[in-house]
Amino acid sequence: MAIVICDTSSLIKLSITETLNLLPKLFRTVAIPGAVYQECPPTLRAQIDSLGFSLETPKARVFVQFGAGEREALNLALDEPWAGAFVLMDDRKAINAAARTGIKTITAFDFFAALKLTNHIADTRLLVQKLRDAGEGIKVISEKDFTC
């Protein structure tokens, strides 16, 4: 089992879909950077506390162009013993920057798919619907989006 470092937007998605408690099913350690923890609403911080996730402060100062949460999540992934961890994030620019430096990322949707593949959930469509109902801006792609 691997280590995962979480960013705020993904934690919010997992909280909305009631899958936050499943992170330890796929990862042996869940690290939350201090800036991410501070960006979380109080109810989400309470969930993080109850699940016993590891609160961490990065030493690396490589990524400076992102918001505090993304910056700390990516920088923590460069520190020992966190190097080699996955970073759970949904910001496309941050994901691209991570890829350029060899940091492995997964999105909330990747996590949902992994839960389905490992039989921890029965259907990902219900999770996507919860996100849409919460106003998370999930765009449904249709066949007409691919026609010229």
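Reply: The account below turns to the helix, its packing and then the cysteines.

The model is predicted, so local features need pLDDT of at least 70 and side-chain atom pairs count only at pLDDT 80 or more, while totals for chains, interfaces and linings use all residues. Residues are numbered from 1 along each chain as its sequence is written, and side-chain values use heavy atoms, with hydrogens and water left out.

Helix α1 spans residues 8-16; helices are DSSP runs of H or I with at least four residues, numbered from the N terminus. Its buried residues are Thr8, Ser10, Leu11, Lys13 and Leu14, where buried means under 20% relative accessible area with a 1.4 Å probe, protein chains only. Just after α1, Glu18 adopts a positive phi of about 60 degrees.

Helix α1 packs against helix α4 (residues 42-51) at an angle of about 85 degrees, the axes lying 11 Å apart. Axes are lines fitted to C-alpha atoms over the stretch in contact, and angles run from 0 to 180 degrees between N-to-C directions. The angle therefore makes α1 roughly perpendicular to α4, a class covering 65 to 115 degrees. Leu11, Ile12 and Ser15 of α1 meet Leu44, Gln47 and Ile48 of α4, contact being heavy atoms within 4.5 Å. The residues of this contact comprise four nonpolar, two polar and no charged.

The structure holds zero disulfides, a disulfide being a pair of cysteine sulfur atoms within 2.5 Å. The sulfur of Cys6 is 9.1 Å from its closest cysteine sulfur, in Cys40, and is therefore too far for a bond. Cys6 is buried, with a relative accessible area of 0%, and Cys40 is buried at 2%.

Terms used
Buried means under 20% relative accessible area, exposed over 50%, partly exposed in between (1.4 Å probe, protein chains only). Helices (H or I, at least four residues) and strands (E, at least two) are DSSP runs, numbered from the N terminus. Angles under 35 degrees count as roughly parallel, over 145 as roughly antiparallel, 65 to 115 as roughly perpendicular and the rest as oblique.
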